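Thanks for asking me to look this one over. Here are my notes, point by point, with the structure alongside.

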Amino acid sequence: VQLQASGGGLVQAGGSLRLSCTDSGRTFSDYVVGWFRQAPGKEREFVAVVSWSGGNTDYVDSVEGRFTISRDNARSTAYLQMNSLKVEDTAVYYCAASSQFTRSRKLYSSWGQGTQVTVSS
């Protein structure tokens, strides 16, 4: 699996963005997909994860109710719909694959190139 994140940009607080994570390989449905983010000077943190079929999801508390993770296995793409964005959501967002439904960064591999999300006040 080879993942590539896209869709970041500059948005005002309260706005929305949709990130995409596309797999150029052939085994996308074999993996759980997670989104992580890293703000300047901070560690990379878990944001959300979606299971193999998309039936199960999990979110960090700070984005629960504002972000929605989903996937389309036919398109080998996962999405992170981000609504009601806050300044503190500013970070580089990464997607990654895992064989386990987990929040643990250490259990993810195939990290894609990140995409910058900047939320202005």
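**Notes on the model**

1. Let me start with one cysteine: Cys95 counts as buried, at 0% relative accessibility. Buried here stands for under 20% relative accessible area, exposed for over 50%, and partly exposed for what lies in between (1.4 Å probe, protein chains only). Cys21 is buried too, with a relative accessible area of 0%.

2. A word on the ground rules. This is a predicted model, where local features need pLDDT of at least 70 and side-chain atom pairs count only at pLDDT 80 or more, while totals for chains, interfaces and linings use all residues. Residues are numbered from 1 along each chain as its sequence is written, and side-chain values use heavy atoms, with hydrogens and water left out.

3. Back to the cysteines. The count comes to one disulfide, taken as a pair of cysteine sulfur atoms within 2.5 Å. Cys21 and Cys95 are joined by a disulfide, S to S 2.2 Å. Cys21 sits in strand E3 (residues 17-23) and Cys95 in strand E9, so the pair ties together parts that are 74 residues apart in sequence. The torsion about the S-S bond of Cys21 and Cys95 is about 80 degrees, so this disulfide is right-handed. Strands (E, at least two residues) and helices (H or I, at least four) are DSSP runs, numbered from the N terminus.

4. Now the sheet. An open sheet is formed by six strands, in the order E2-E10-E9-E4-E5-E6, with mixed pairing. Two strands pair if DSSP finds at least two bridges between them. Strand E2 (9-12) and strand E6 (57-59) are at the edges with a single partner strand each, so one side of each has no neighbour in the sheet. From one strand to the next, the twist averages 25 degrees; axes are lines fitted to C-alpha atoms (for helices over the stretch in contact), and angles run from 0 to 180 degrees between N-to-C directions.

5. What joins strand E5 to E6? Strand E5 (residues 45-50) runs antiparallel to E6, and three bridges link the two.

6. Arg103 and Asp58 meet in a salt bridge through their side chains (2.6 Å, N to O). This pair links distant parts of the chain, 45 residues apart: Arg103 is in the loop between strand E9 (91-98) and strand E10 (115-120), and Asp58 is in strand E6. Arg103 is partly exposed, with a relative accessible area of 39%, and Asp58 counts as partly exposed at 22% relative accessibility.

7. The count of salt bridges comes to five, each a side-chain nitrogen of Lys or Arg within 4 Å of a carboxyl oxygen of Asp or Glu. One of them pairs Asp72 with Arg75 (2.9 Å, N to O). Asp72 is partly exposed, with a relative accessible area of 22%, whereas Arg75 counts as exposed at 58%.

8. The salt bridge between Glu45 and Arg37 has its closest N and O atoms 2.6 Å apart, and Glu45 is partly exposed, with a relative accessible area of 34%.

9. Ser98 deserves a click. Ser98 is found in strand E9 and is buried, with a relative accessible area of 1%. The Ser98 side chain reaches the backbone oxygen of Leu107 at 2.9 Å and the backbone nitrogen of Gln100 at 3.0 Å. Such polar contacts are pairs of N or O atoms within 3.5 Å; within protein, one must be able to donate a hydrogen and the other to accept it, and residues adjacent in sequence count only if both atoms are side-chain atoms. Not counting residues up to four places away in sequence, Ser98 touches Tyr31, Val32, Leu107 and Tyr108, where contact means heavy atoms within 4.5 Å.

10. Finally, another serine. Ser51 is found in the loop between E5 and E6 and counts as buried at 3% relative accessibility. A polar atom of the Ser51 side chain lies 3.3 Å from the backbone nitrogen of Gly55. Leaving aside neighbours within four places in sequence, Ser51 is in contact with Val32, Asn56, Arg71 and Phe101.
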